[in-house]
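Biologist: I am new to this structure. Could you take me through it in short steps?

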Amino acid sequence: MAKSDVKLIGAWPSPFVMRPRIALNIKSAGYEFLEETLGSKSQLLLESNPVHKKIPVLIHDGKPICESLVIVEYIDEVWSSGPTILPSDPYDRALARFWAAYLDEKWFPTMRSIATAKEEEARKALIEQAGEGVMMLEDAFSRCSKGKGFFGGDQIGYLDIAFGSFLGWLRAIEKMNGVQLIDETKTPSLLKWATSFSSHPAVKDVLPETQKLVEFAKVLAKFKAASSNS
């Protein structure tokens, strides 16, 4: 399939944009990456995702597909000749989707709130909540991986992509707050998994460096402050 037939609208710091990028890399599918600019939305983005007006958007043969995990499932179905991403077993598939929804609806919003918390007590409470979530994910890993290296077993799967896409920001938030949410003592399996995931050929070139995200977080905070004052 020609690279020009597949376009991905996104931005490098977005963990949600990372998901389809990893999925496309797993499938060895070429694509054109269309970078959005902070503070503005391109006409192509607005036309392609008029409902949410958000990245990522995959454009395949001129047709837009929106929402990161929907895109991952679409990629898995369309590029069926490559390694499978979703579990083949219905229960395993349901379990992976459950934890992916937990990450998006509960865990990552808590992580985001840590960065914007103004009171120290509130920040500590949020860090504790995020840590409890990581402990649950440690338990989920043991059940989903079945003794293998990834949530998906021997290879990166749906839940690996859903959680792994947040690793860059998790490390950045750890660094900015002087904490460790994934460590040898409490989450040894996730620590080993995070290393394997980050170094995987489908991931390593699209996972942002921690320091680069820390610097971007500072820029983003200034941008939001300026926007709220204007």
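Modeller: Start with Asp 104, which is partly exposed at a relative accessible area of 26%. Keep in mind that this is a predicted model.

Biologist: Which residue forms a salt bridge with Asp 104?

Modeller: Asp 104 sits in helix H4, residues 90-116. Its closest N and O contact in the salt bridge is 2.7 Å. The partner lies in helix H1, residues 15-26, and is 85 residues apart from Asp 104. That partner is Arg 19.

Biologist: Is Arg 19 buried or exposed?

Modeller: Buried means under 20% relative accessible area. Arg 19 has 0% relative accessibility, so the residue counts as buried.

Biologist: How many salt bridges does the structure hold?

Modeller: One of them joins Lys 27 and Asp 76, at 2.9 Å from N to O. Lys 27 lies in the loop between H1 and E2 and Asp 76 in helix H3, so the pair ties together parts 49 residues apart in sequence. Both residues are buried. The structure's count of salt bridges is eight.

Biologist: Which residue forms a salt bridge with Asp 92?

Modeller: The closest N and O atoms of this pair are 2.8 Å apart. Asp 92 lies in helix H4 and its partner in the loop between helix H5 and helix H6, so parts 54 residues apart in sequence are tied together.

Biologist: Now the strands. What is the bridge partner of Leu 58 in E4?

Modeller: E3 and E4 pair in the antiparallel sense over four bridges. On strand E1, which also runs antiparallel to E3, Leu 8 stands opposite Leu 58. In E4, the partner of Leu 58 is Ile 65.

Biologist: Which residue in the hairpin of E3 and E4 takes a positive phi?

Modeller: The hairpin has two residues between the strands. The phi in question is near 55 degrees, and the residue is Asp 61.

Terms used
Residues are numbered from 1 along each chain as its sequence is written. This is a predicted model: local features need pLDDT of at least 70, side-chain atom pairs count only at pLDDT 80 or more; totals for chains, interfaces and linings use all residues. Side-chain values use heavy atoms; hydrogens and water are left out. Two strands pair if DSSP finds at least two bridges between them. A salt bridge is a side-chain nitrogen of Lys or Arg within 4 Å of a carboxyl oxygen of Asp or Glu. Buried means under 20% relative accessible area, exposed over 50%, partly exposed in between (1.4 Å probe, protein chains only).
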